[in-house]
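Hello,

Here is the structure for you to look through. Please open it first, then read my notes below.

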Amino acid sequence: MSKSLFVSSPKVLLPTLAVAVLGMAAMIGVTSNLQKTLDPSSDASGGTCTSTSHALDRTYVSRHFVKTGSGSVSAEKDRDYLKISQPDTAALAGTSIKFDQKAKGDFKTELTIKSIKTNGNVGQASLGFTVGTEGFYVGIKGNKDGTFQAYAQNKLNDVLGDTSTSQLKKMNFPIDIKVERTGSAVSYFYREEGVAKYVAIRQNDSVTEDPVKVEIFTSNLAPDFPSVSAVFSDFILRCGL
């Protein structure tokens, strides 16, 4: 039986091909300790990056992620995955969870998208990280004709930067997505079910600031902003590549 993991929190803006990205919304977490960890006004330079790998069951998510946005986050009992749902809205909206541990230096973060379901097939599910006023994201976007595409997008000084996309096509879920930083170079990848190697969407965005905050999210898209939900599993953060 599905159980909500977080309380409601304010609306956020999500990265899309045409609108502002998810960024520095007020965050309401499970505990005051998590709230302090992710508050932009708290320590922005300390901490170390510790590798982790987890299937995203209910207990792990409630302990280590903080929700923001108007939707819900739930997990099935005894199942190793979670669902993030965003209701239909009059304008772009989304719901995210932010990891309570910061990443530093060389790192990669990976995630499996098991499914994306939405009215009209218009919505997206993504993984990325933020640092200050910058954001870097990779995800899968659904379209009205039933096709999907992978995309990579950045936000620089609260302004959308370049967007790169794969070809529109029928895609085989689950799909793995990955963001990787080596030195200052950030690269974005995806991999469909049954494919051995990741496919690069874009490479060599430059990010030198530390630490960064990893987040997972779901959002609806224009023109109708329908309800959308995505199921995720197998979260990975690897430090010191």
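Leucine 111 stands opposite isoleucine 177 in strand 12. This is a predicted model: local features need pLDDT of at least 70, side-chain atom pairs count only at pLDDT 80 or more, and totals for chains, interfaces and linings use all residues. Residues are numbered from 1 along each chain as its sequence is written, and side-chain values use heavy atoms, without hydrogens and water.

Now the strands. Strand 7 (residues 107–118) runs antiparallel to strand 12, and seven bridges join them. Two strands pair if DSSP finds at least two bridges between them. Strand 12 also pairs with strand 13 (residues 185–192), again antiparallel, over eight bridges. There, valine 179 stands opposite tyrosine 188 in strand 13. Strands 12 and 13 form a hairpin, with two residues between them. Glycine 183 sits in the turn and has a positive phi of about 65°.

Why is strand 12 largely enclosed by the rest of the structure? Six of its eight residues (175–182) are buried, so the rest of the structure largely encloses it. Buried means under 20% relative accessible area, with a 1.4 Å probe and protein chains only.

Next, the whole protein. It has two helices and 16 strands. Helices (H or I, at least four residues) and strands (E, at least two) are DSSP runs, numbered from the N terminus. Of the 241 residues, 54% count as buried. Take the contacts (heavy atoms within 4.5 Å) with a separation of 6 or more: residues 24 or more positions apart account for 67% of them.

Best wishes

Definitions and conventions
Buried means under 20% relative accessible area, exposed over 50%, partly exposed in between (1.4 Å probe, protein chains only).
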